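Please keep the structure in view while reading.

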Amino acid sequence: ACGGSDSEEENNDSEDASSESANAEGDSESAELEGNVVIDGSGTVYPLMQRLAEEYMVNEQEGVSVEVSRAGTSAGFERFLAEDGTDFNDASRLIKDEEKAKAEELGIDIMEIKVALDGLTIVTNPENEWATELTEDQVKGIFMGEYTNWSDINPDWPEEKIQTYGPNENHGTYEFFYENILEEQDLVSDINLQQDYSTLVTLVAEDKNAIGFFGFGYYDNNQDKVNAVGIDFGEGAVTPSLETIGEEGPYANFTRPVFTYLNVGMAEEKAQVLDYAKFVAEEANTFAGETGFAPIPDEEAQAQLEEIEGIE
Amino acid sequence: MKYVDQTLVHKRMNSRVLKNNILKQVFLIATLFGLAVLAILIFRVVTQGIAWIDWNFLTGKLSTFPEKAGIMGAILGTSYLMLIVIPVTLIIGVGTAIYMELYAKKGKLQSFIATNISNLAGVPSIVYGLLGLTIFVRVMDFGNVVLAGGLTLSLLVLPIVIVAAQEAIRAVPGHLSEASYGMGATKWQTVKKIILPAALPGIITGAILAVSRAIGETAPLTVLGIPAFLLPFPEGIFDTFTALPMQIYYWTLDASLVDEYAYLAAATIIVLLVLLFILNAIAVIIRNKFQQRY
Amino acid sequence: MTTNSGSEKKSAVNVREMIAEKKRKRNFSALTEKIIPILLLIIASISILTTVGIIYTLLSEAFEFFKRIPIWEFISGTVLKPLSQEPEFGLLPLLNGTIISSVIAMLVAGPIGIMSAVYLSEYASEKVRKTLKPLLEILAGIPTIVYGFFAFTFVTPVIRAVFPAVEATNILSPGLVMGVMIIPMIASLSEDAMTSVPNSMREGALALGATKLETTFKVVIPAALSGIISSFVLGISRAIGETMIVTIASGSSKNFTFDITQSMQTMTAYIVEVSGGEAPAGSTIYYSLYAVALTLFVFTLIMNLLARYVSRKFREEY
Amino acid sequence: MTTLTEDKHAYSGSTNNRVVYDTKDLNLWYGQTHALKDINLSIYEKEVTAIIGPSGCGKSTFIKTLNRMVELVPTVSTSGTITYNDKSILDKTFKVEDLRTQVGMVFQKPNPFPKSIYDNITYGPKIHGIRSKKVLDEIVERSLRGASIWDEVKDRLKENAYGLSGGQQQRLCIARCLAIEPEVILMDEPTSALDPKSTLRIEELVQELKKEYSIIIVTHNMQQAARISDKTAFFLNGEVVEYDKTDTIFTTPSDNRTEDYISGRFG
Amino acid sequence: MTTLTEDKHAYSGSTNNRVVYDTKDLNLWYGQTHALKDINLSIYEKEVTAIIGPSGCGKSTFIKTLNRMVELVPTVSTSGTITYNDKSILDKTFKVEDLRTQVGMVFQKPNPFPKSIYDNITYGPKIHGIRSKKVLDEIVERSLRGASIWDEVKDRLKENAYGLSGGQQQRLCIARCLAIEPEVILMDEPTSALDPKSTLRIEELVQELKKEYSIIIVTHNMQQAARISDKTAFFLNGEVVEYDKTDTIFTTPSDNRTEDYISGRFG
Ligand SMILES: Nc1ncnc2c1ncn2[C@@H]1O[C@H](COP(=O)(O)OP(=O)(O)OP(=O)(O)O)[C@@H](O)[C@H]1O
Ligand SMILES: Nc1ncnc2c1ncn2[C@@H]1O[C@H](COP(=O)(O)OP(=O)(O)OP(=O)(O)O)[C@@H](O)[C@H]1O
Ligand SMILES: [Mg+2]
Ligand SMILES: [Mg+2]
Ligand SMILES: O=P([O-])([O-])[O-]
């Protein structure tokens with residue numbers, strides 16, 4: 001499936017040299033690595049990371065075990081920023097200052113790797129034939145509780161209560177929405193926040209008056225169950241898609257980069273962690289599309305790869 | 001003067017008897033209700049999952065692609081867990097039962113241990129998960145490996161084994177141990193050579209029931225932090241792992257990511273239920289076959 | 001006839017002497033006899049250590065939590081927002097979810113369980129009883145994750161097909177399924193209690209012209225009441241501690257509501273959610289796990305003690 | 001012999017009373033075991049009929065057939081007929097509950113319900129639809145008086161029946177039976193679990209009760225049968241060997257086996 | 001009386017045999033129940049001593065005290081002394097296992113282990129440390145011959161002992177006991193669970209065994225005591241009423257109670 005994994009092997013020094021002779025499989029000259037790589041964090045990034053991990057384990061390093069969990073961005077950071085913490089933390093938002101401070105306190109050197117772009121998608125129930133397009137302000141108003149009924153937005157719309165949904169505070173998606181879109185204004189108090197995205201999808205899929213938000217990937221996989229709302233940022237409605245999502249694109253206002261954070265110390269210590277970091281930087285764009293993300297610009301990817309290669 | 005008017009009694013009798021007959025049917029229906037739910041449950045699971053079970057599914061590695069996914073890793077994880085649960089619970093469970101039934105003096109200590117065991121049997125499994133997380137994963141620093149999971153599950157099912165072993169030991173007739181003592185055997189010789197062999201079928205049955213409970217337990221494992229996605233097969237008790245019920249759990253959760261995961265969950269349930277069915281069948285066979293006539 | 005026992009005696013083997021000789025080895029076996037009871041006592045105390053371990057972990061970590069969140073605020077708080085910027089740790093939403101789901105479960109398991117018990121012990125023939133009871137007990141052996149899957153993928157959609165107002169995750173569906181899971185427990189324990197009511201009691205009532213139904217409800221059930229009640233208490237305890245069904249099928253809304261069509265979270269599901277993966281040590285939310293678990297533990301402990309008390313205290317004399 | 005025996009003689013003349021029970025070729029099997037064989041017996045109103053015979057001869061089986069309690073054993077099958085007040089009661093259409101309302105039963109081991117004394121007595125009337133507190137109170141007093149236990153328990157009606165002694169419990173069971181005002185009372189060795197003093201009280205009570213009720217009593221105590229019954233039936237191996245006035249049976253039995261049995265025990 | 005009784009007369013002369021067991025003021029309590037009262041008995045070598053008496057008089061308790069099996073009941077307490085071969089065995093320092101190796105016991109209900117016939121016999125030798133297959137084989141044959149059951153089981157030594165009939169099982173238990181070559185064999189109603197034919201075989205066996213062993217046998221069967229024993233002790237309410245040669249006890253008992261008991265049963 002993947003062609004371009006022929007570059008960096010020479011870094012795998014000392015202890016791995018011995019195991020090389022054992023079985024050198026045909027396709028690559030890379031040294032046999034072993035041990036594990038532990039990843040936790042964002043549920044939004046999880047599908048991409050899971051895909052990458054699988055690819056890595058099946059086609060690159062059979063001896064390495066990449067464990068991917070998805071406790072959520074924030075819970076993941078707590079686990080990442082601890083002694084003997086995880087090697088990577090996936091994040092659907094930027095690391096926060098408190099988290100940075102904690103890392104410094106613990107002496108953990110971290111590296112930010114941008115892996116893809118996600119479009120925060122506003123979704124409604126398929127039976128909702130009225131609110132197919134909303135302005136950015138209307139979205140804010142809905143989630144801040146300024147409108148109670150649909151008819152409060154547009155008198156032609158049903159006089160029924162708007163029911164809001166979203167991922168709970170465990171998730172970077174929530175924080176992105178709260179900080180970047182609502183600009184830290186309070187969410188409507190009766191919003192239904194859920195831990196699991198599957199629950200969320202089902203809830204929106206089955207509530208006629210539902211409106212919710214989550215990452216594009218979850219919409220992408222469930223287009224038959226939920227509708228994406230076109231957002232008018234001032235120049236006409238834009239629906240999220242792999243084409244429109246992008247830091248410069250028409251959906252830019254609701255576009256956010258997603259990251260994985262690398263514990264550099266771990267990468268220095270464990271060859272497999274470093275190798276996997278390189279693999280991620282190199283291959284993320286290859287698998288972004290099929291897991292519901294837009295790729296990051298190639299130059300940016302290349303720059304990151306070089307930065308990782310600098311780790312010894 | 002008569003208070004009980006026989007003609008009146010006779011008149012009301014029809015309706016009383018009718019009520020009895022109707023309610024009898026209601027009770028029967030209530031009994032069948034549970035079985036009907038069981039039938040629906042199994043039917044649902046089988047129709048959803050059976051098509052997904054093939055050789056690759058049973059022996060293959062996990063994959064994000066539903067048609068490629070296999071559950072060998074989970075099967076192995078579950079097997080390794082049992083590799084710990086079985087000896088640990090047998091040693092501790094049978095040891096405790098021997099102590100309680102044959103060595104402990106009737107008194108405060110004995111009844112304290114007995115009360116304690118029956119309370120442990122009622123502690124929710126999730127609390128055992130927290131115990132395992134704190135003691136095995138963190139304090140003893142095993143990490144989220146098979147060993148920690150196995151020990152957690154062992155403690156969880158320990159009361160089941162203890163009670164079963166106690167009952168089995170109690171069922172060994174006193175005249176057998178008397179015969180042994182009468183030959184000059186010491187207590188431990190009698191326990192080892194007479195009482196335990198005679199109690200063995202009962203103990204094994206109890207152990208199997210405990211194992212089937214442990215195999216299906218999910219809640220304590222979720223607390224221990226079993227990775228959601230893990231390809232390599234565990235190769236020992238110090239490896240991280242996933243287990244059948246955890247795989248069901250994650251696939252159920254991820255059904256929104258990929259619809260087919262729901263079917264994979266159903267298929268895994270079938271495997272789990274078949275496993276449990278086999279275990280219970282073995283327990284029944286042992287119970288019937290080795291039941292001693294004294 | 002026994003002719004040769006005397007002569008055989010004089011053969012080479014003199015057992016008495018051999019035994020006397022082996023007796024020197026006895027010192028070792030005497031030591032074993034002394035060590036074994038101590039060893040067994042140590043093994044038996046593992047169960048006590050387990051309890052101590054549970055209480056110690058729960059208490060010490062919960063203590064840390066109560067240093068940060070006053071205990072009263074925890075117990076009486078109606079808002080639970082552990083992850084929010086200004087976290088609030090109110091127990092009541094979880095308590096509410098736990099109680100409501102348990103009540104729903106018992107509303108199913110109680111009547112159906114007791115009716116099954118009545119049928120099996122009073123009406124069914126021996127043969128029918130011997131087939132139905134083990135079948136019913138299969139229900140108790142199904143892993144809870146399977147019930148969770150069933151509740152989420154089957155029961156909820158069915159309920160929603162009939163009552164569209166019900167949410168996709170709600171407390172009703174897991175409550176009902178939990179009830180089904182508990183049926184065999186109540187049926188089996190109550191049936192045991194009812195079969196142990198002596199037949200003379202039934203004969204006494206039947207001989208007065210009572211129907212079977214009247215005999216059952218006015219004589220057998222009152223006589224078996226202690227067993228039946230303690231089966232209920234154990235059922236409740238089971239419902240309170242049940243985790244996977246509610247985790248999967250009731251979502252994770254921390255609603256403080258009595259509307260069973262909505263999503264609610266139980267104490268157990270909260271523990272799963274927050275630990276979800278691996279609970280980060282040191283944070284308030286991490287400690288909150290233990291405060292909730294401690295509450296849960298206390299609840300089930302009370303239930304278990306209550307069950308024992310009931311079965312001892314209200315045991316009928318006959 | 002006590003003075004009671006003389007009482008009996010006074011009553012035993014009334015043989016031309018009405019027939020309450022009549023069995024014709026009654027046979028009963030427990031599965032393969034043939035427990036009753038061709039029983040033909042007529043039992044008369046307001047008499048005490050004693051059933052005697054060695055253990056396992058079918059005494060209990062017989063009187064349990066009279067109120068169809070024997071059907072509680074699932075393997076039971078019967079042939080022949082029993083008529084009670086000219087109604088054939090073995091028909092499946094005949095409601096056993098009706099029959100048992102008219103035919104009370106007292107068992108070998110006292111079996112009060114684990115309820116209060118009061119609730120024990122009112123159990124029957126209540127299931128038969130009597131609700132009025134006043135009526136129930138009256139029934140309780142009358143039944144307890146009828147079973148001559150009123151004075152002993154009148155101050156503790158709300159207490160659990162298990163607080164009573166064995167003999168009191170048995171009289172309570174008789175009272176419970178009287179509360180539904182049956183016509184016939186079946187008694188299966190009602191005194192075998194009791195001490196001699198309690199036994200005597202029950203025997204006196206039986207004498208009293210037969211003024212109002214027809215009584216069929218199983219006993220393995222020959223003296224008791226002689227003391228209190230008007231008619232005696234001797235059962236052996238499921239057959240009725242002899243059935244006659246008690247006097248006749250105990251003085252001039254016509255069958256050798258009866259004589260053997262009676263003398264063997266009196267010995 | 002059978003010919004065996006005559007055998008007995010031949011042996012009963014040997015009263016000046018050595019004393020194996022001697023009890024002095026032996027008292028035993030189960031908690032509060034005083035089960036043995038001031039027992040003073042001397043039991044002689046290579047004789048059959050029978051213990052008789054009504055149910056509950058303490059027969060089983062007495063012989064279980066002789067090998068201290070009675071201590072398995074936790075509430076037991078004793079006073080007085082028992083000497084066995086001049087050693088005081090009630091001392092806590094005395095090893096019960098040693099005692100029980102020298103004193104075998106046969107119980108009322110045959111109680112073979114749920115193992116093969118072979119394993120039943122070798123159980124004792126093995127726990128006492130005998131491992132050699134050859135020696136064990138020899139012991140098995142000799143013990144089974146000694147209990148005169150060899151011919152019946154020699155071809156099925158590996159089969160489960162529960163396949164044997166009750167009488168065979170009891171002889172197997174005796175063989176099991178012989179395997180460790182005890183000096184004394186205690187038997188607690190060894191034939192009460194057996195049919196008459198099996199009983200006879202065991203009685204013959206006892207006669208044979210007493211050539212080598214001292215035997216103390218509890219029996220409720222008076223004829224049996226008369227047939228096989230040399231001495232008889234009559235127990236009543238935990239006391240020894242009379243202890244003498246069997247002849248004397250059965251023909252000219254010195255105590256009325258003995259006479260009553262014996263005649264009552266012989267009746
Ligand atoms: N439930 C039963 N199932 C099978 N056989 C039974 C049952 N009850 C009684 N029998 C058999 O029927 C025969 C008569 O029994 P029944 O109880 O009527 O004797 P009985 O005269 O009352 O004896 P007893 O004096 O011991 O009470 C006996 O052979 C008995 O074994
Ligand atoms: N384990 C025990 N605990 C308390 N009391 C006991 C125990 N075993 C026997 N007894 C009492 O000790 C007395 C003697 O009992 P023992 O068994 O020795 O009588 P026995 O002569 O062997 O009677 P049987 O002929 O019925 O076997 C009895 O009163 C009995 O109730
Ligand atoms: Mg009877
Ligand atoms: Mg005895
Ligand atoms: O699951 P999140 O990506 O929202 O943290």
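**Interfaces and confidence in a predicted assembly**

Chain A and chain B bury about 1800 Å² between them, and carbon and sulfur atoms give 49% of that area. The polar side of the interface comprises 7 residue pairs in polar contact, with both partners at pLDDT 80 or more.

Side chains of opposite charge can pair when their charged atoms come close. Between chain A and chain B, 2 salt bridges are found. One of them joins Lys225(A) to Asp259(B), with the closest N and O atoms 3.1 Å apart.

How far can chain A itself be trusted? Its mean pLDDT is 84, and 90% of its residues reach 70 or more. Within chain A, confidence is highest in strand β5 (residues 121-124), at a mean of 95, and lowest in helix α1 (residues 16-19), at 41. The pLDDT is below 50 over residues 1-29 of chain A, a stretch that has 28 contacts in the model beyond near neighbours in sequence. Where pLDDT is low, the predicted coordinates should not be read in detail.

Salt bridges occur within chains as well as between them. The structure holds 58 of them over all chains. An example inside chain A pairs Asp190(A) with Lys161(A), whose closest N and O atoms are 2.7 Å apart. Asp190(A) lies in the loop between α6 (172-181) and β8 (192-194) of chain A, and Lys161(A) in the loop between α5 (136-144) and β7 (163-167), so the pair ties together parts that are 29 residues apart in sequence.

The account now turns to chain B. An unreviewed UniProt entry annotates residues 26-51, 71-99, 120-139, 145-165, 194-215 and 261-286 of chain B as "transmembrane region". Two of these spans can be inspected in the model. Residues 145-165 of chain B are 95% helix and 0% strand, with end C-alpha atoms 29 Å apart. Residues 194-215 of chain B are 100% helix and 0% strand, and their end C-alpha atoms lie 32 Å apart. The UniProt record, again an unreviewed entry, also places the feature "domain: ABC transmembrane type-1" at residues 75-283 of chain B. In the model that span is 77% helix and 0% strand, and its end C-alpha atoms are 21 Å apart.

For "transmembrane region", an unreviewed UniProt entry lists residues 35-59, 99-123, 135-159, 171-189, 219-240 and 285-307 of chain C. Residues 35-59 of chain C are 100% helix and 0% strand, and the end C-alpha atoms are 35 Å apart. Residues 99-123 of chain C are likewise 100% helix and 0% strand, with the end C-alpha atoms 34 Å apart.

Which chains share the most contacts? Of the 7 pairs of chains in contact, chains B and C hold that place. Here 76 residues of chain C are in contact with 75 residues of chain B. The two chains bury about 6400 Å² between them, 76% of it on carbon and sulfur atoms. The interface of chain C and chain B has 1 salt bridge, formed by Arg16(B) and Glu214(C), with the closest N and O atoms 2.7 Å apart. It also has 13 residue pairs in polar contact, both partners being at pLDDT 80 or more. Helix α3 (residues 26-68) of chain C provides the largest share of the side that touches chain B, 19 residues. That side of chain C divides into 49 nonpolar, 20 polar and 7 charged residues.

Some pairs of chains do not meet. No contact joins chain A and chain D, and their closest C-alpha atoms lie 53 Å apart. Chain A and chain E do not touch either, their nearest C-alpha atoms being 51 Å apart.

Terms used:
Residues are numbered from 1 along each chain as its sequence is written. Chains are lettered from A and ligands numbered from 1 in the order in which they are written. Side-chain values use heavy atoms; hydrogens and water are left out. UniProt positions are given in the numbering used here, feature names are shortened, and annotations may be inferred rather than shown by experiment. Helices (H or I, at least four residues) and strands (E, at least two) are DSSP runs, numbered from the N terminus. pLDDT is the predictor's confidence in each residue, from 0 to 100. Contact means heavy atoms within 4.5 Å. Buried area is the accessible area (1.4 Å probe) that two parts lose on being put together, summed over both. A salt bridge is a side-chain nitrogen of Lys or Arg within 4 Å of a carboxyl oxygen of Asp or Glu. A polar contact is a pair of N or O atoms within 3.5 Å; within protein, one must be able to donate a hydrogen and the other to accept it, and residues adjacent in sequence count only if both atoms are side-chain atoms. Ala, Val, Leu, Ile, Met, Phe, Trp, Tyr, Cys and Pro count as nonpolar, Asp, Glu, Lys and Arg as charged, and the others, Gly among them, as polar.
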